[in-house]
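Trainee: Please take me through one part of this model closely. I would like to follow a single aromatic side chain and its partners.

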Amino acid sequence: MTATSRHTDRTAHRALRREVPSTAAVLADERDFTAMRRYRTFPFDDHGSYLRQMEKLLRTLTAQGVLTTLSLFDPAAYETYCAELDLDPDRPESRTRYAAEAARTGATVTYEGEPLSSLLPLLVEEADRRAAWDHATALLARTGNCAECGTDLARAAFARATHAVQQLLASLGDGSHHLVCSIAADGPPLLAVLHATARDGAPPGLTETETLGFCTVLATGLALRAPGGIVARSTTAPTDRVTTADGGRDTVRGWSLRDSWLRPLSTAEVFTAYCTDADTGEPVPPEHGVDYAPGLPLTPPPGTHDHH
């Protein structure tokens, strides 16, 4: 083979490498990292060093023009995966197969050269959103049909939830809105987050996956008549904002789930809900620059399944 041929082959190889995407699964926290250290072939003994080496590898791939998809490495799920496929978990090729599976079926983000310290929280948030969506979908699927009228309860609840979210965003009006829906369902509480921005009376800008997940979690609460509610934190446009010395104020409103609908909370109820530690029940000092306001009234849609 001539020197020219070898050069041509190397050039073609580099070009082809850019055409083949990569996947990586990362151990995001110290606890998961510690769980993997029990395997003899796992080559790291320090989480910080592991993350630095992972970031160096991701940056190298990006510099080569390779698109890399990043997912979370879950040691418990990995152990189950190996048991189901009769794989030895203490082998690098088993970890490689699991990383590919995690990227195919789990939450992912695309690596674009940013520090892992800023990307990992987004990946964990996406994984939590995906888990809540999956759990809510499973709960909704079990509701079946109404024994009295045959209505598909999941479909009716989702239509009702969609109407509630549309009406809620329309009531909030212009501004940037951060909505959190929490439902006390079987297993861990269901949480969903929705970001919306509306300007000049136009429909709010929404992310499809966020909206679908949010409506699914809310629908689960409506269908199961489970305890829960929504908190909305709104920031108005700069020209409309009531300014203070530090630049502006946000407004927090809240609704609770009662009788398969969202009922507005009073100002005092919103304040109590927002200024109480969810884990300890202890009061939390009110946040500076935040106003607490009553939830806005929302009208249930006609013709939906709410009479049983």
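Mentor: Start with Y98. At 7% relative accessibility, Y98 is buried (buried means under 20% relative accessible area, exposed over 50%, partly exposed in between, with a 1.4 Å probe and protein chains only). Y98 forms an aromatic pair with Y78. Rings of Phe, Tyr and Trp (its six-membered ring) pair if their centres lie within 6.5 Å; planes under 30 degrees apart are stacked, over 60 edge-to-face, and the rest tilted. The Y78 and Y98 rings sit 5.5 Å centre to centre, with 65° between the planes, so they are edge-to-face. Y78 lies in helix α4 and Y98 in helix α5, so this pair ties together parts 20 residues apart in sequence. Helices (H or I, at least four residues) and strands (E, at least two) are DSSP runs, numbered from the N terminus. Y78 is buried too, at 0% relative accessibility.

Now turn to F73. F73 is buried, with a relative accessible area of 7%. Ring pairs link Y39, F73, Y78, Y81 and Y98 into a cluster. By the pairing rule, the count comes to twelve aromatic pairs. One of them joins F73 and Y98, edge-to-face, at 4.8 Å centre to centre and 65° between the planes. F73 lies in the loop between β2 (68-72) and α4 (75-85), and Y98 in helix α5 (residues 92-105), so the pair ties together parts 25 residues apart in sequence.

A note on the basis. This is a predicted model: local features need pLDDT of at least 70, side-chain atom pairs count only at pLDDT 80 or more, and totals for chains, interfaces and linings use all residues. Residues are numbered from 1 along each chain as its sequence is written, and side-chain values use heavy atoms, with hydrogens and water left out.
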